[in-house]
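Here is a short briefing on one protein chain. Look at the model first, then read the points below.

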Amino acid sequence: MGTQKYSGLRTAVSAAELSQGWLGLESNTPTLNTLHVDLGRQWRGGQSQALNLIRGLQVRGHAAELIALRGGPLARRAVAEGVRVTTVGRWATRFEAALALRRLIAERRYDIVHAHEAHALTAAWLAGAHGSLAVVASRRLAYPLQQNHFALARYRRAARILAISRFVAESVVASGVPGEKVAVVYDGVETPPLPSREERLRARARWNIAPQEPLLGCVGYLLAEKGQDFLVRALPAVRSKFPACKLLLAGGGPLRPSLERLAAELGVSDAVRFLGIVEDVTQVYAALDVFVFPSRAEPLGSSLLAAMAYGLPVVAGAGGAVPEVIDHERNGLLVADPEPQGLGEAMGRLLRDKELAARLGKAARETVVQRFTSDRMVEETLRNYQQISAERRCQ
């Protein structure tokens, strides 16, 4: 079938193509030496995907090194897994990363430099990596690229831009980047065993939730655009039908103080658990009855995919890339505008209709298995690397 087209974009290939070789590239393509750069300060979806990719490349016999922020969560976790990591400081980070890149490029031969976020791409540009190496840039943000020469030049000179959804890819092309440079590679998550009853009870006990209390939850950075305020505003109506219902909000972020005030104003402080950053977030998914994803225009949503992998029924806003994942009434419920009334009605429906919740949760997990696994993300990224390397050898 080759490369599919969607509004001029390269898109993800099928599982059959991955097993048979893509665009004429056979499975015995030489191993690659890759250098990854991620200067993110927090542990969010992008950092998780970067580490998943590095891990997956190494398992497949490819070399993968990392430049990351000194003392940051990505560097710590990568070092713990035995990844070769070069760290840079928190001040003048991009310039220090550029110097580290230039030194590493001079010392060793790399086939690919992969910049996993915008600061990393700037560092690669400052290091002159675009001139001598194939630079791949990840794009995880929903808004268009900045319309200035420097911002656009960084992306236009990249050998490939890997967008995490069609929604993101179209914004990149609309910003002036040629469509043939843009490929869609969806995020991927692990598909864990479903929690046993005992694991579910232990997870609930950790958050002081009784076994039979209806439990809603959301995992994500607490920002206005993530929509957690709509979720808190919807809770009083849900509790009018399910008085024992509780809500877990996992994640740090600047919106937490205002959300805590809002919960107090609405009289639901006793029902909302602000968990902060949870290192073992699997415990949150194991405890929940329903996962809610109220973002208005999400680029994709790693936590949404993770919740689906746990077989949770989900309620999500229908904006951004979410409809690329959720098919309304088949593997989740979509709310056209994630405002409190619509969210409340959808959450109440799943708490009330156990058969519907079970059916949607099963279909959600199957969707992840079929389309959004970490292995698939690694394979599709690797195919892009291999195609780029083959093109450069032919030049």
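The chain carries 50 positive and 38 negative side chains. Lys and Arg count as positive, Asp and Glu as negative; His and the chain ends are not counted. The centres of the two sets lie 4 Å apart, with each charge placed at NZ of Lys, CZ of Arg, CG of Asp or CD of Glu.

**About the model**
- This is a predicted model: local features need pLDDT of at least 70, side-chain atom pairs count only at pLDDT 80 or more, and totals for chains, interfaces and linings use all residues.
- Residues are numbered from 1 along each chain as its sequence is written, and side-chain values use heavy atoms, without hydrogens and water.

**Overall size**
- The C-alpha trace spans about 65 × 50 × 40 Å along its principal axes.

**Nonpolar cores**
- A nonpolar core is a set of buried Ala, Val, Leu, Ile, Met, Phe, Trp, Tyr and Cys residues joined through side-chain atoms within 4.5 Å.
- The largest one has 71 residues.
- Ile 67, Leu 101, Val 284, Phe 291 and Leu 304 have the most contacts (heavy atoms within 4.5 Å) inside this core.
- A second, separate core has 34 residues, including Leu 222, Cys 245, Ala 346 and Leu 350.
- Leaving aside neighbours within four places in sequence, Leu 101 touches several residues, among them Leu 35, Val 37, Ile 67 and Val 113.

How values were computed:
Buried < 20%, exposed > 50% of the residue type's maximum accessible area, 1.4 Å probe, protein only.
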